[in-house]
Structure formats: C-alpha cells, structure tokens
Amino acid sequence: MTERCKNIELRLTAYLDKELSEADRQDVATHLRDCEECRQALCQLEETLAFLKQAYDSYPLPEVDLDQAWKEIEAKVNFGPSRWENFLELFKRPMIWGPSIAMAAVVLMFFVRLNVQDRQETTGSVAHAPVEKVLPPEPEQPVNESTDGPVRVCQVESVYSRSGNVMLLQTAGSGQPLIWILPEKKKEGEKS
Amino acid sequence: MKIAIYTCQALVMVCLSFLLTPTYILAAGMDLQVTVEVVKADRASSNIDPQLEEMVRDLGPTLNYTGFSLLKKTLLNLKTNATGDVILAEDRTLTCRFLGYDDDQARLEVRILDTGKETFRTTLLMISGGNVLIGGPQFEDGVLLLRVGAEF
C-alpha cells in the first residue's frame, strides 16, 4: 500500500459519512477509480458499517428520562446542596419542627408559670373553700424579725361545729391556729 | 442523625411533662404522716407532761389552764383519700382524712364523732412540720386538747 493509499484509507470513513469537503471528496473519488486495493477497503468498511447498523436496529434503545438524568448529573457535579440548603431542608421534616415547637412551648410555659406564681405571692390570690361558720378574720402571720419573711403556718380552710360556737385563735409563740370548740348554750329553764 | 432527633424529642417530652405537672400531682404518691396527740388540760393541777413543754410554751397565756397531761400519741400514715381513726375518751373518735396535696400544702379533713354522730369538722391546709390545735371538748374535770401535726 502506497503512502497515497494510506492517506486515502484514513479518509474513507468520513467519505462514507459525507463529512469531507468538496475538494477532499473529489480527491478520494478520483483515487478510488484507479486503485483496486482502496476500492476493496471501501467495500469492507461499508459491510462493517452495515453489520453494525443491523446490530443496533435489533436491540431497541431504553427510554431515558433526560430531565431526571440531568438533575442527577448536576447534583453529582455540584456535590449536592449547600450546607444552608441542607439546614433549611431539615425544618421541612415533622421530626424536626415538631420537637422544636414543643421545646419553645416548654420554655414559654416555664416563664408564664413563674410569672403567675409571682403574681399570686404578691396579691395573695389563693382560693379558699367557703367557711361554713362565721369566724373571726384570719390572724396575721407572725413576722420573725431575724428572717426576711413571715413564718409559714398551717391554715384553717373551713370549720363546722354542732354546737354552733367556735373560736379561731392563734398560739402566742409560733402563731399556729388554735380552734376552740365552745360548749352548746343551755336553753333558758334547762337544769344545769 | 435519627438517634439524635429521637433523643431530643424524648428530652423535650420529659421536660414538658415535668413542667406541666403540678407539684401536688408529683407528690401524690407520697403518704401523709399525721401525728395526733390527745392532751388533757385542766385547772386542778399544775403538772405539765415533759413531752408537752414545747406546746405549753407555744400556747403561752392563750389558754387559762395549768395542768397538761398527754393521754395518747398516735401516728397515722395516710394515702390520698385514706382515713385514719384515733379513739378519744368516752365514745369519742377523731377521724382524719387526707384529701390530697395543694401545691406545698396537704389538705386534711378532721372530724370528731360522739357516739357515731359528727360534732365537729374542719378542713386544714397543713404544711410539713406544722401543727394545728383543736380544743374544747369536755373530758373529766378538764378539756381535751388535740394537736394534729403533718409531715410529708
């Protein structure tokens, strides 16, 4: 095979695909008219291409979702979403925003409860059950000068006596409640 | 990552339960220890039982009695809504019923029954270590003085 034949052989594929310029196509065509060897090479190439085409046509190509494929490629090329996007993505999940809201509610209720307790201590808004018998007003809580606040004592919520006479007193020392049940009043004319 | 999420969720639920639970519910499983001392006070004597010296000092001049003797001391362990009885003299019974906790106080209902009939009833808000005195029922030549204390 001459040098010219080698040069023509390199351009045979492009010649068959009609990818050569007009000048190159004329040059190859002129050589093929005179060279038996190059014509045989061209025939072999045509047979090979025909065989390959037949093989491709026998097996249909699978359908590809190109949009999804591009997204996957972009995701891989861009190494996934940014850290900020990942962080925002977390709050779209109920497993994340649920506990977050619960924790915020816990903190809020903690401060509300503290606030309510403070108000109750300052205004004395502690509910008492209704007293069944009229009693003297609650004695003042004794104040211990050595401490910052009054000494805590037990409280009488309600009192009932069949005799109808009850006194509510306070011990002189600790100020603890003292309930004194008075005897029933004897009716006039009743023997003692 | 999932383990961390579940752990946070569990911690939040535990904190939430603790904060939302009132104190008396948390203490609801605790028994109330009630001490009832039955004392006879009279003016005929000037003997003061040594175990009652503190009570007599606390009373001061509130009551005009000179003699104090301890007749009985009973300890009751009460669960919520449970009742404990202390037999006083002369067919009289003192009944204590624990009604439950109210914040840091225990609500206690005290009744005195005379031959089965209620003659006295009071509802007390007890603090731990606190005492309430109930007196006046006639007994022999004096009166009965009942000291009701609570520990929880």
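This is a predicted model: local features need pLDDT of at least 70, side-chain atom pairs count only at pLDDT 80 or more; totals for chains, interfaces and linings use all residues.
**View 1. Overall organisation of chain A.** Chain A contains 7 helices and 3 strands. In sequence order the elements run α-α-α-α-α-α-α-β-β-β. Of its 192 residues, 19% are classed as buried. The accessible surface of the chain amounts to about 15,300 Å², and carbon and sulfur atoms account for 58% of that area. When contacts between residues at least 6 apart in the sequence of chain A are considered, 35% connect residues at least 24 apart.

**View 2. The salt bridge between A:Glu36 and A:Arg39 in helix H4 of chain A.** The closest N and O atoms of A:Glu36 and A:Arg39 lie 2.6 Å apart in this salt bridge. Both residues belong to helix H4 (residues 36-58) of chain A, and because they are 3 residues apart there, about one helical turn separates them. A:Glu36 has a relative accessibility of 43% and is therefore partly exposed. A:Arg39 is likewise classed as partly exposed, its relative accessible area being 31%.

**View 3. A network of salt bridges in chain A.** The network links four residues of chain A, namely A:Arg4, A:Arg11, A:Asp24 and A:Asp27.

**View 4. Strand E1 of chain A at A:Val156.** Strand E1 of chain A spans residues 155-161 and includes A:Val156. With a relative accessible area of 7%, A:Val156 falls under the 20% limit and so counts as buried. A:Pro177 is 21 residues away from A:Val156 along the chain, and the C-alpha atoms of these two residues are separated by 7.2 Å.

**View 5. The salt bridge between A:Glu157 and B:Arg107.** The closest N and O atoms of A:Glu157 and B:Arg107 are 2.7 Å apart. This pair crosses between chains, joining A:Glu157 in strand E1 of chain A to B:Arg107 in strand E5 (residues 105-114) of chain B. A:Glu157 is buried because its relative accessible area, 5%, is under the 20% limit.

**View 6. The salt bridge between B:Lys79 and B:Asp31.** The side chains of B:Lys79 and B:Asp31 meet with an N to O distance of 3.2 Å. The two residues are 48 residues apart and bring together distant parts of the chain. B:Lys79 occupies the loop between strand E2 (67-78) and strand E3 (83-87) of chain B, while B:Asp31 occupies the loop between helix H2 (23-26) and strand E1 (32-42) of chain B. At 52% relative accessibility B:Lys79 is classed as exposed, whereas B:Asp31, at 30%, is partly exposed.

**View 7. The largest nonpolar core and the surroundings of B:Leu94.** This core comprises 34 residues. The members that touch the most other members are A:Ile179, B:Val34, B:Leu94, B:Cys96, B:Leu108 and B:Ile134. Leaving aside residues up to four places away in sequence, B:Leu94 touches B:Val36, B:Gly84, B:Asp85, B:Val86, B:Leu88, B:Val110, B:Arg111, B:Ile112 and B:Leu146.

Conventions: Residues are numbered from 1 along each chain as its sequence is written. Chains are lettered from A and ligands numbered from 1 in the order in which they are written. Side-chain values use heavy atoms; hydrogens and water are left out. A nonpolar core is a set of buried Ala, Val, Leu, Ile, Met, Phe, Trp, Tyr and Cys residues joined through side-chain atoms within 4.5 Å. Buried means under 20% relative accessible area, exposed over 50%, partly exposed in between (1.4 Å probe, protein chains only). Contact means heavy atoms within 4.5 Å. Helices (H or I, at least four residues) and strands (E, at least two) are DSSP runs, numbered from the N terminus. Accessible areas come from the Shrake-Rupley method with a 1.4 Å probe; for residues, only the protein chains shown count as cover.
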